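Reader: I am new to this structure. Please pick one residue and take a close look at its surroundings, then show me what lies beyond.

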Amino acid sequence: MTSITKALTTSAAAPCLSKAKEVDSQPAPEQKMVDTKEERATAAASVSFLDKIELKIKKLRAPSAVQSGEYFGTPGAGDSRLIGVCSTIFFIALWAVATEGGFIKPIFLPSPIDVVHRLIDITVDGFAGATLVEHLNASLVRIFGAFLLACLIGVPLGITIGCNRVFRGIFDPLIEFYRPLPPLAYLPLIIIWLGIDESSKVTLIFLAMLSPIVLSARAGVTSVRIEQIQVAYSMGASPWQVITQVIARGAMPDIMTGMRIAIGFGWTTLVAAEMVAAERGIGFMVLNASEFLVTDVVIAGIIVIGIIAYSFDLLMRYLEAKLIPWKGYN
């Protein structure tokens, strides 16, 4: 019995032992390589310089990940400051090559170096009876005084036109009538009414700025969602509270855009305003220089106007980002 039991046990265990031997005889799977700091450093050192440049170009061309709180595919997303700096340098270099190479005569387009030298001379010695600072101070008082007056009148008037049909029927035809008219068209009438002192200049710039501010404020009122107004009324808000706390705030993006457009109209009207018996002003300086073909002074004045206008536009963009961060997500 003992020998039979051992035989049965041996025969039953034989397949299991053979399977175990087969498993042991199979090659063990390769273990994954551990990615250590030394191995990563060695791999990075083996990459050539051209491969690194190609990798950086692919990263720049690859779409950036959507940040938290942003919508996918936002139009115009991304920083363009580097592109702006490079394009500015390119156009200045092109200007220098065209003038210094003799392709354009200095009377038509002086070189950037000549313009910079003339700008320094105007700042120190002056031109047309005043220095650059005095010309600039006179123009800034006129344009920003008119801009402040246009904002104080245009924003409430535009909101009122958008909220009240009676005011819309009274003021909308007047605004739409004079808005397409160029400032030079009603400049003689302003001179007849107000004379040739500072009031006529400020009034001309004010009228050029008023219409875009009024129309932008009215457009901002119509862009406010009706659900927001209904929710405010359902929570017990008065009509005045709805106008000041819901409609006015909802219209702020359009109002800020209208202000930026208005300041551009003001600078274009400044030269026409300073044609009227002005003794100082950046527009007066440009006009006086153009009469005597002093092209470098003309270009210097244009550059000064452009820098100030662009700086103010950057300030308005900064205020937009701080005061109305919900712009574009309403």
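Author: Start with Arg-260. This is a predicted model. Arg-260 has a relative accessible area of 24%. Buried would need under 20% and exposed over 50%, so Arg-260 counts as partly exposed.

Where does Arg-260 sit? Arg-260 is found in helix α12, which covers residues 252–273. Now look across to Asp-313. In sequence, Arg-260 and Asp-313 are 53 residues apart. In space, their C-alpha atoms are 6.4 Å apart. Their side chains make a polar contact at 2.9 Å. Leaving out residues up to four places away in sequence, Arg-260 touches Asp-313, Met-316, Arg-317 and Glu-320.

Next, the nonpolar core. In soluble globular proteins, nonpolar side chains tend to be buried together. Here the largest nonpolar core has 58 residues. Met-209, Met-259, Trp-267 and Ile-282 have the most contacts inside this core. Helix α6 (residues 132–163) gives the most to the core, with eleven residues.

Take Trp-267 from that group. Again leaving out residues up to four places away in sequence, Trp-267 touches Leu-140, Ile-143, Ile-282, Ile-305, Ile-308 and Ala-309.

Last, helix α9, residues 198–222. Its 25 residues should span 36 Å at 1.5 Å a residue. The end C-alpha atoms are 37 Å apart, which agrees. Still, α9 has a kink of about 25° at Leu-210. That kink lies shortly before the proline Pro-212.

Notes:
Residues numbered from 1 in each chain as written. Predicted model: local features only at pLDDT ≥ 70, side-chain atom pairs only at ≥ 80, totals over all residues. Heavy atoms only, no water. Helix = DSSP H or I, 4+ residues; strand = E, 2+ residues; numbered from the N terminus. Expected span 1.5 Å × (residues − 1). Bend = angle between axes of the 7 residues up to and from the residue. Buried < 20%, exposed > 50% of the residue type's maximum accessible area, 1.4 Å probe, protein only. Contact = heavy atoms within 4.5 Å. Polar contact = N/O pair within 3.5 Å; in protein donor to acceptor, adjacent residues only side chain to side chain. Core = buried A, V, L, I, M, F, W, Y, C linked by side-chain atoms within 4.5 Å.
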